[in-house]
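The following note sets out points for a colleague who is about to examine the model. Please read each point with the sequence and the coordinates at hand.

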Amino acid sequence: MADVNLQLKTLGAVWVGWDLYIDRSEAVEPALNELRAIGYTVESLREDEHRHEEGTTVEQMEKGGWSLWYCRLTDIRRGKCSTCQAYISEQGIRSQGHTCENCGAITYLEIQDGSLVRFNFVGEEGYFPSELQMKAYYWDADQSDLYLYPDFPEQRGGWGVLHGDKTQEYLAKHQDKWERVERDGNTYLKVRYVKSSWTKDHEGVSTIDVRDISNHYWGHKIVRLWEGKEYSEWDTKFPVPESISVLEAWHWAPLHPSPTLHEKIIHAAGMVSDQGYYYQDGRAAFYAVHWERMRVFVEHFTALDINEWDRARFRHDGPGAIADIARFCSPSAQVANRPNFGNSIVAHGKALEGNKLTDQELNAAADGLRDPHRPRFD
Ligand SMILES: [Zn+2]
């Protein structure tokens, strides 16, 4: 079964996963026009600014098999008010106290009465600063004032969360960053908190760094609309791709056997061609959807014999599949097997649990320790 349920009439337009490959130049405009008719906006990546800035030439893009067109459905997302059920604009819908333009109900509260806020005061150094967890009463986002109940909830908080006398010591140490105030007839602890996860506006204003907030108020959903039907934001049954990369295959196809042909086939299926990336214990990593994509790619865009491909028996675990595909493509194939620190951790964990490790796992684990990207503890 193909990934994309979108049949184009244009001859020479072939789906591999969510990518559309065009195998002849005269098919480009008809295929793009079909996509435009469906509702996609089409952007030419030959004109892309980043490409110009990076100095990549059009010829490099064509010969290198880059995506040359980017198609996107631009007008399918809506907010949906949970109070009046109207479709409303997505703009600002997820900001504190935003209201529905139809009925005036609140669409979202990042912090509501009862939200638990885990934070430390600004100016605390170190990777694991001490933290307080307090219950919020009200956040006046316009004034950047956050009102907290003055007592400390007796519950789990996680690493670094202070309890008991430590909380009072910590408050005393940072007494310039909060004040005790009266509001609605009760006493609260007021701190300064500017919401700005995407800017640095809060610096110099906020007196706390927020680590976590639980218990938001949701008065909306984000939905996608297609042909009169509503789909949730993440519904995998949404019938067409939201975006499509279009590749022009005649610049480079058919691909002939080479030491790296298997990488192009594997990448076309959206998979990584480095053996070290995968689990080393033989568990499956390549599934039916990947074999289907690779088969289409091999049939249409390589000089390999598709009947032989169909007869071949490939292993399905990551390292095995890569080795088998590489051997199928060329006797001189070069298979990447880079050290991966993740394999060291997996192997270490298994060994601790008393499991016997395969030699492959042990070798990968040893290699993983040479991974230049491994975390450093010093
Ligand atoms: Zn509403």
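1. Two residues are taken to be in contact if their C-beta atoms, placed from the backbone, lie within 7 Å. By this criterion A31 touches L8, T10, A13, L20 and I22, not counting residues up to four places away in sequence. This is a predicted model, in which local features need pLDDT of at least 70 and side-chain atom pairs count only at pLDDT 80 or more, while totals for chains, interfaces and linings use all residues. Residues are numbered from 1 along each chain as its sequence is written.

2. The protein chain holds 10 helices and 18 strands; helices (H or I, at least four residues) and strands (E, at least two) are DSSP runs, numbered from the N terminus. Of its 378 residues, 24% count as buried. A residue is buried if 20 or more other C-beta atoms lie within 10 Å of its own, exposed if 12 or fewer, and partly exposed in between, with C-beta atoms placed from the backbone. Among contacts in the chain with a separation of 6 or more, 61% join residues 24 or more positions apart.

3. Which residues touch the most other members of the largest nonpolar core? In this core of 35 residues they are L20, Y21, A31, V246, I265, F297 and I325. A nonpolar core here is a set of buried Ala, Val, Leu, Ile, Met, Phe, Trp, Tyr and Cys residues joined through C-beta atoms within 7 Å. At least two residues of the core come from each of β1 (13-16), β2 (19-22), α1 (28-38), β4 (67-73), β18 (243-248), α5 (261-268), α6 (288-301) and α8 (318-329). The largest share, 6 residues, is supplied by α8. Domain 1 (13-75 + 242-251) and domain 4 (261-329) each contribute at least three residues; the domain bounds come from an automatic or database domain assignment. A second, separate core has 19 residues, including L132, L146, Y193 and I208.

4. For α6, the 14 residues should span 20 Å at 1.5 Å a residue, and the end C-alpha atoms are 20 Å apart, which agrees; the expected span is 1.5 Å times one less than the number of residues in the helix. The buried residues of α6 are R293, M294, V296, F297, V298 and F301, and they pack against β1, β2, α5 and α7 (306-311). For α8, the 12 residues should span 16 Å, and the end C-alpha atoms are 17 Å apart, which agrees. Buried positions in α8 are G318, P319, A321, I322, I325, A326, F328 and C329.

5. An open sheet of 6 strands runs in the order β12-β13-β11-β10-β9-β14, with antiparallel pairing. Its edge strands, β12 (179-183) and β14 (208-214), each pair on one side only. From one strand to the next the twist averages 50 degrees, with axes fitted as lines to C-alpha atoms (for helices over the stretch in contact) and angles running from 0 to 180 degrees between N-to-C directions. Strands pair if DSSP finds at least two bridges between them; β12 and β13 (residues 186-192) are joined by 5 bridges and run antiparallel. R180 has L189 as its bridge partner in β13.

6. A further open sheet has 3 strands in the order β7-β8-β15, again with antiparallel pairing. Because β7 (98-99) and β15 (217-218) each have a single partner strand, one side of each is left without a neighbour in the sheet. Between β7 and β8 there are 2 bridges, and T99 is partnered by I106 in β8. The hairpin of these strands has 6 residues between them, and G104 takes a positive phi near 85 degrees. Strand β8 (residues 106-109) also pairs with β15 over 2 bridges: Y108 is partnered by W218 and L109 by Y217.

7. Strands β16 (residues 220-226) and β17 (residues 229-232) pair in the antiparallel sense over 4 bridges. The bridge partner of R224 in β17 is Y231. In this hairpin, with 2 residues between the strands, E227 takes a positive phi near 50 degrees.

8. Is F152 buried or exposed? F152 is buried, because 20 other C-beta atoms lie within 10 Å. This residue lies in the loop between β11 (145-148) and α4 (165-173). F152 touches M134 and T167, not counting residues up to four places away in sequence. F152 and K135 are 17 residues apart in sequence and 7.5 Å apart in space, C-alpha to C-alpha.
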